[in-house]
Amino acid sequence: MDIQELQAELEKLHGASFGWALSCCRRDRAEAEEVLQTVYLKILEGKARYRGESQLKTWLFAVIRKTAITEQRKRLLRILKLTAASNPAPEQDSFAGEPAATFERSEAQKQFQLALRTLPARQREVLHLVFYEDLSLREAADVMGISIGSVRQHYERGKKHLRESLNREELDYGISWQRKETPDAVS
Amino acid sequence: MESAGSEKRLQTLFRELKLADERVAPDFIGVWNRVQTSPSPRGFRISLAVATALTVITLSSLVLWWKNWQPAQRSNQAVVSGPATPDAMPAPGLATPDHAVPVHSKSNRRNVKLVARRHPALNTTNVAIGEDVSISNWQSPTARLLQSPADHVLTSLPQLDRSLINLKTFLPDTPQ
């Protein structure tokens, strides 16, 4: 596959790649963009080469995942070195002030994203690959570089945890909403 | 039934999330062009390594050349002082290594260096002076081989009006 063809294919997958990069970077948009840029650079330089052994999408996602992990490790080391004594900077909402922020702030989505953050990384990744990217469990296993049995386990556990935390948050939200509406009824 | 419902709900939530992400995704062409135009860290690292290696090689070769050049220059000066004038030739009787004058004495060299450092413009003149001094002090390294006990016979002439006997004593090995 020559570079022009590859560029065309990457362009088709760009949206999905960005979504996957976002998931790998814990929804940090700036970080996701940086990771995606690094991935494209790797491809251009030939450091990451597609050999046609798997689907382009699964290969690309595996590269993105690996790059995100490496970048995250580098960033953590940098933070540890620079701010060993000081407190870490508070996590910023990268979507604040953007048109999508309106959507992000919608209560259901907010709860959903909070619930996603509470999941272990592997479970979150499997759920993202299956529900968001419409990959099969086999493809998800290829992307993550683990066995299909492990993927299946992470998938089931992830779904269960996500469901539980969504229900819990809904319940909390319902109680708080009821408190606001009829304070005497709850106490 | 409940499980299928919750799965559908998860799918909906993920789909909504995907739509939101697509809205904020950066333009592919922009990212791609940025990647193509930005100097790659790998390329930069390689060029930096090449530049460092070239600098090191150049410096080390300069140092080596400088070290080799200095002794070569010294030996050249000694060779240049080779064509000695017959007037400057010392008397054969005195031409022993013990009496050999060094080409450059240490103090001489030091003085020349000091002057050269203080007055760089006079460098060429000093070199010429140094060469003259070395020429005037030059001794052939094979002068010793030319010595013999009968040197005085070769360098002197018998006096006129001398008797034959004297001549005979003067040349003892001649057949009588």
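## Starting from L36(A)

Which residues does L36(A) touch, leaving out those up to four places away in sequence? In this predicted model, the partners are S17(A), F18(A) and A21(A), plus V31(B) from the other chain. L36(A) also belongs to the largest nonpolar core, where it is among the residues that touch the most other members. That makes it a handy way into both the fold of chain A and the contact with chain B.

## Chain A at a glance

Chain A is built from nine helices and has zero strands. Read from the N terminus, the elements simply go α-α-α-α-α-α-α-α-α. Of the 187 residues in the chain, 31% are buried.

What about contacts along the sequence? Taking the contacts in chain A with a separation of 6 or more, 64% link residues 24 or more positions apart.

## The nonpolar core

The largest nonpolar core holds 41 residues, and the ones touching the most other members are A21(A), V35(A), L36(A), I64(A), V130(A) and A140(A).

F18(A) sits in helix α1 of chain A. Is F18(A) buried or exposed? It counts as buried, because it has 23 C-beta neighbours inside 10 Å, and the cut-off for buried is 20 or more.

Leaving aside residues up to four places away in sequence, F18(A) touches A32(A) and L36(A) in its own chain, and D21(B) and A25(B) across in chain B. There is also F61(A) to look at: it lies 43 residues from F18(A) in sequence, with 9.8 Å between the two C-alpha atoms.

## Where the chains meet

How many residues does each chain put into the contact? Chain A gives 28 residues and chain B gives 23. On the chain B side, α1 and α2 (28-37) each supply at least two residues, and α1(B) has the largest share, with 13 residues. Sorted by class, that side of chain B has 12 nonpolar, seven charged and four polar residues.

R26(A) has a positive phi of about 50° despite not being a glycine. R27(A), another residue other than glycine, has a positive phi near 65°.

Both arginines come out as partly exposed: R26(A) because it has 15 C-beta neighbours inside 10 Å, and R27(A) because it has 19.

## Helix α7 and its two partners

Helix α7 of chain A covers residues 137-144, and its buried residues are E139(A), A140(A), A141(A), D142(A) and V143(A). Just past the helix, G145(A) takes a positive phi of about 70°.

Start with α3(A). Its axis comes within 8 Å of that of α7(A), and the two cross at roughly 40°, so α3(A) is oblique to α7(A). The crossing is right-handed. From α3(A), the contact uses T58(A), F61(A), A62(A) and R65(A), while α7(A) brings E139(A), D142(A), V143(A) and M144(A). By class, this contact has four nonpolar residues, three charged and one polar. F61(A) here is the residue whose C-alpha lies 9.8 Å from that of F18(A).

Now for α6(A). The axes of α6(A) and α7(A) come within 9 Å and cross at roughly 130°, so this pair is oblique too. The crossing of α6(A) and α7(A) is right-handed. Here E125(A), V126(A), L129(A) and V130(A) of α6(A) meet L137(A), A140(A), V143(A) and M144(A) of α7(A). The residues of this contact divide into seven nonpolar, one charged and no polar. V130(A) and A140(A) turn up again from the core, where they are among the residues touching the most other members.

Conventions: Residues are numbered from 1 along each chain as its sequence is written. Chains are lettered from A and ligands numbered from 1 in the order in which they are written. This is a predicted model: local features need pLDDT of at least 70, side-chain atom pairs count only at pLDDT 80 or more; totals for chains, interfaces and linings use all residues. A residue is buried if 20 or more other C-beta atoms lie within 10 Å of its own, exposed if 12 or fewer, and partly exposed in between; C-beta atoms are placed from the backbone. Helices (H or I, at least four residues) and strands (E, at least two) are DSSP runs, numbered from the N terminus. A nonpolar core is a set of buried Ala, Val, Leu, Ile, Met, Phe, Trp, Tyr and Cys residues joined through C-beta atoms within 7 Å. Two residues are in contact if their C-beta atoms, placed from the backbone, lie within 7 Å. Ala, Val, Leu, Ile, Met, Phe, Trp, Tyr, Cys and Pro count as nonpolar, Asp, Glu, Lys and Arg as charged, and the others, Gly among them, as polar. Axes are lines fitted to C-alpha atoms, for helices over the stretch in contact, and angles run from 0 to 180 degrees between N-to-C directions. Angles under 35 degrees count as roughly parallel, over 145 as roughly antiparallel, 65 to 115 as roughly perpendicular and the rest as oblique. A crossing is left-handed if the near helix is turned anticlockwise from the far one by less than a right angle, and right-handed if clockwise.
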